[in-house]
Amino acid sequence: MLDLRYVVDHLDEVRAGLSRRGAGATVALDELAPLSIERRDVIVKLETLRAKKNEVSAAMAKVDKKSDEFAKTRDEMRLVGEQTKELEAKQKAVDAKIEELLLYIPNVPDATAPDGGGSDENQIVRTWGEAPKFAFAPRDHADLGVANNTLDFERGTKISGARFTVLRGMGARLERALMQFMLDVHSNEHGYVEIWPPVLIKDTTMRGTGQLPKFAKDAFRIAEWDENGEAQAYQLYLAPTAEVPVTNLHADEILDGASLPIAYTAYTACFRSEAGSYGKDTKGLIRQHQFDKVELVRFVKPETAQVEHEKLTSHAEAILQKLGLHYRVALLCTGDMGAVSKKTYDLEVWLPAQNTFREISSCSWFGDYQARRAKIRYRAEAGSKPELVHTINGSGLAIGRTLVAIYENFQEADGSIRVPKVLVPYMGGVEKIPAHGA
RNA sequence: GGAGAGCUGGCCGAGUGGUCGAAGGCGCUUGAUUCGAAAUCAAGUGAUCCCUUACGGGUUCCAAGGGUUCGAAUCCCUUGCUCUCCGCCA
């Protein structure tokens, strides 16, 4: 979330920044300024009373408890106590209102994020490789995977419902190979520390990175049984991305400035309800309730954030390059960017069957927005004031979509699929997934 | 699931109603000493929010939330978490 003081002191600037996201993003700002003044008034009154209480209480310790003077002061202070309680209740109410507003206000886009209303106004900043040429009509991954018996959509639906898929044989092996390969590259070549986090996470953790309260409907929440055997909502969510548990590793911490940047990579299964995406990408692996992803997370000093963001993006790109997959990098416009982000690059991989690029990674710089929510700070040097870190993360990469890209880009006329060279060792030496019975 | 113990500053650990942001120790920082280091000695060493141009002043924080009281780290209630033993379990 944004800093109340900063918002109120720079109202016009913040308003101008938020308005770039489109109408509606600035609505809450107008309520904030008067509330902030009210908050300060309450605090000043409250603290004056408390100071008096503390002063008098200290004096009373030395007074004879049976004296009239003691009784008189005590009665006076009883009144002060009541007033204090009223003011405390008022402060709580005002703070809650402010918090509520702030939690729903999105991040201010960075100046380098282009203006725009939707995905067609994103800027393509670079393109890598070339689209493969086929002497035949390329088939999509779902057809290939059903034919070679590595993707079982029907049984996925049978056991778990729509948007669940079973990987089988070399499909399952490829998924695992990709996970290992990505983690190896990031930890060995890019200097990330590997993390294996829980995927059931608390609501406060979801709040820290901004998934809650605004996007509650996008996440799965688990239930527990009450004494009547009824399912009751339980305060644990299925992580929609490793970003959530991994970023929150350092929640409520003051990090040593010398330890920055901290870089983590983590594989997790990811769970998304995909509310509001009915009818979209219903065929194949593109949009699932459960999918695998390797994530990259960096905690950095503010002054290095832009450079760090580019660096992280290049780390995600390296995976695509090593696999030999044609892709492009899109700088998202303000209207297409996530609410928490200041600036986002999407990596889009070429999918020949769809004759288009599809998102396979999203690399975002969040400024101090997540850090403020999650209270992730650092001390530049011994004795200096704690400051908020900047957080950056990105997929490195979405594994299911990578498998899709490999199937579609490396298919042969007979329906077999070439395994990218770098993955062959991870596939136990297999260089080609056969067209049938894989 | 059953029984018990506990949760205090970066760490260890005192503190059971007032003078406690909290003894003592460790760690850390600075200075002295040293050719330098170790050891030793001295001083300092949390966060939060509010007021103030500044200097500075004040508030809150002893797991969290509520309560009792003129006054709570200390008493009461609720919740969470940790540990030990038993049971169950991949």
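**Close-up views of a predicted model**

A search of the whole structure, which is a predicted model, finds zero disulfides.

View 1. A disulfide is a covalent bond between the sulfur atoms of two cysteines. The sulfur closest to that of C270 among the cysteines belongs to C363, and because the two lie 14 Å apart, they are too far from each other for a bond. C270 is also buried, its relative accessible area being 0%. C333 likewise takes part in no disulfide, since its nearest cysteine sulfur, in C363, is 17 Å away, whereas a disulfide requires two sulfur atoms within 2.5 Å. C333 counts as buried, with a relative accessibility of 0%.

**View 2. The protein surface near RNA strand B.** RNA strand B is surrounded by 23 residues, and the closest are R5, R40, R78, K92 and R377. By class, this surface comprises 13 charged, eight nonpolar and two polar residues. At least two residues each are supplied by α3 (29-60), α4 (68-104) and β14 (376-379). The largest share, ten residues, comes from α3.

View 3. Within 4 Å of the protein, 70% of the atoms of RNA strand B belong to sugar or phosphate, and the rest to bases. For R50, the partner of the side-chain N or O atom is a sugar or linking oxygen of RNA strand B, at 3.0 Å.

Notes:
Residues are numbered from 1 along each chain as its sequence is written. Chains are lettered from A and ligands numbered from 1 in the order in which they are written. This is a predicted model: local features need pLDDT of at least 70, side-chain atom pairs count only at pLDDT 80 or more; totals for chains, interfaces and linings use all residues. Side-chain values use heavy atoms; hydrogens and water are left out. A residue is near a molecule or strand if one of its heavy atoms lies within 4 Å of it. A polar contact is a pair of N or O atoms within 3.5 Å; within protein, one must be able to donate a hydrogen and the other to accept it, and residues adjacent in sequence count only if both atoms are side-chain atoms. Helices (H or I, at least four residues) and strands (E, at least two) are DSSP runs, numbered from the N terminus. Ala, Val, Leu, Ile, Met, Phe, Trp, Tyr, Cys and Pro count as nonpolar, Asp, Glu, Lys and Arg as charged, and the others, Gly among them, as polar. Buried means under 20% relative accessible area, exposed over 50%, partly exposed in between (1.4 Å probe, protein chains only).
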